[in-house]
Amino acid sequence: MAKFSFNGVDEISADFEQLATLSDDEKLSVLRPAGKLLKGKFVEKIKSKFTQRTGDLADSITIEERTGDTGAYLHITPKGKHRGSGTGKRKRKNGRSNGKYSGTNAEVGFILEYGSPRIPASHWMEETNEEQADNVAAAQQQAWDDLLTKKGL
């Protein structure tokens with residue numbers, strides 16, 4: 001009669017248990033290097049494509065770390081008000097004006113990405129994401145390998 005035996009299954013099970021219980025900070029530590037790389041490439045792309053602009057959009061790109069029910073993730077977005085992008089006066093429902101509206105960097109980034117009736121789409125974010133996909137994956141892989149080595153897995 002044949003005999004089937006295992007050696008080391010308990011260690012593998014313990015290793016998987018450690019991986020399943022990573023803290024949010026450990027998850028973010030895998031994402032941070034790729035986020036910094038991508039942020040830098042976004043800034044480079046903006047500065048190379050839109051040389052006649054003020055630089056507000058490039059300077060406003062920020063990385064926000066988020067954790068929650070969906071896990072840990074990064075937001076790489078433009079933040080803040082954009083100089084010179086006022087769109088005139090906004091009116092309230094009662095017809096009165098509440099002063100001038102100043103556009104945000106997120107709105108400017110969106111319009112430059114997807115275009116408007118007067119501005120052609122540039123797809124600066126999409127192009128950068130496609131160009132840097134391999135570099136971002138490599139940065140995340142290196143961070144993941146470092147985390148596994150640190151945990152002794």
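**Legends for close-up views**

**View 1. Surroundings of Met-125.** Leaving out residues up to four places away in sequence, Met-125 touches Phe-42 and Glu-113, where contact means heavy atoms within 4.5 Å. The model is predicted, and so local features need pLDDT of at least 70 and side-chain atom pairs count only at pLDDT 80 or more, whereas totals for chains, interfaces and linings use all residues. Residues are numbered from 1 along each chain as its sequence is written, and side-chain values use heavy atoms, with hydrogens and water left out. Met-125 is found in helix H5; helices (H or I, at least four residues) and strands (E, at least two) are DSSP runs numbered from the N terminus. With a relative accessible area of 28%, Met-125 is partly exposed, the classes being buried at under 20% relative accessible area, exposed at over 50% and partly exposed in between (1.4 Å probe, protein chains only). Between Met-125 and Gly-109, which are 16 residues apart in sequence, the C-alpha to C-alpha distance is 8.7 Å.

**View 2. The protein chain as a whole, for orientation.** Six helices and four strands make up the secondary structure of the protein chain, and from the N terminus on these elements follow the order α-α-α-β-β-β-β-α-α-α. Of its 153 residues, 26% count as buried. Among the contacts in the protein chain with a separation of 6 or more, 54% are accounted for by residues 24 or more positions apart.

**View 3. The largest nonpolar core.** This core has 15 residues, and those with the most contacts inside it are Ile-46, Leu-57, Ile-61, Leu-112 and Trp-124; a nonpolar core is a set of buried Ala, Val, Leu, Ile, Met, Phe, Trp, Tyr and Cys residues joined through side-chain atoms within 4.5 Å. Two or more residues each are given to this core by helix H2 (24-49), helix H3 (56-60), helix H4 (105-114) and helix H6 (133-151), and the largest share, five residues, comes from H2. Apart from its neighbours within four places in sequence, Leu-57 is in contact with Ile-46, Pro-78, His-82, Asn-105, Val-108, Gly-109, Leu-112 and Trp-124. In soluble globular proteins, nonpolar side chains tend to be buried together.

**View 4. Packing of H2 against H6.** The two helices pack at an angle of about 150°, with their axes 8 Å apart; axes are lines fitted to C-alpha atoms, for helices over the stretch in contact, and angles run from 0 to 180 degrees between N-to-C directions. H2 and H6 are therefore roughly antiparallel to each other, given that angles under 35 degrees count as roughly parallel, over 145 as roughly antiparallel, 65 to 115 as roughly perpendicular and the rest as oblique. Their crossing is right-handed, a term used if the near helix is turned clockwise from the far one by less than a right angle, with left-handed used if anticlockwise. From H2 the contact includes Val-30, Leu-37 and Leu-38, and from H6 it includes Val-136, Trp-144 and Leu-147. By class, the contact of H2 with H6 has 11 nonpolar, three polar and two charged residues, where Ala, Val, Leu, Ile, Met, Phe, Trp, Tyr, Cys and Pro count as nonpolar, Asp, Glu, Lys and Arg as charged, and the others, Gly among them, as polar.

**View 5. Crossing of H2 and H5.** The axes of H2 and H5 come within 10 Å and cross at roughly 130°, and the two helices are therefore oblique to each other. This crossing of H2 and H5 is right-handed. In the contact, Leu-38, Lys-41, Phe-42, Lys-45, Ile-46 and Lys-49 of H2 meet Trp-124, Met-125, Glu-127, Thr-128, Asn-129 and Glu-131 of H5, a set that divides into five nonpolar, two polar and five charged residues.

View 6. Residues up to four places away in sequence aside, Ser-122 touches Lys-49, Phe-50, Leu-112, Glu-113 and Glu-127. His-123, which has its place in the loop between H4 and H5, is partly exposed at a relative accessible area of 30%. Although His-123 is not a glycine, it has a positive phi of about 55°. Most residues other than glycine have a negative phi.

View 7. Gly-103 lies in the loop between strand E4 (97-100) and H4 and is buried, with a relative accessible area of 2%. Gly-103 and Lys-81, 22 residues apart in sequence, are separated by 6.0 Å from C-alpha to C-alpha. Gly-55 has its place in the loop between H2 and H3 and is partly exposed, with a relative accessible area of 25%.
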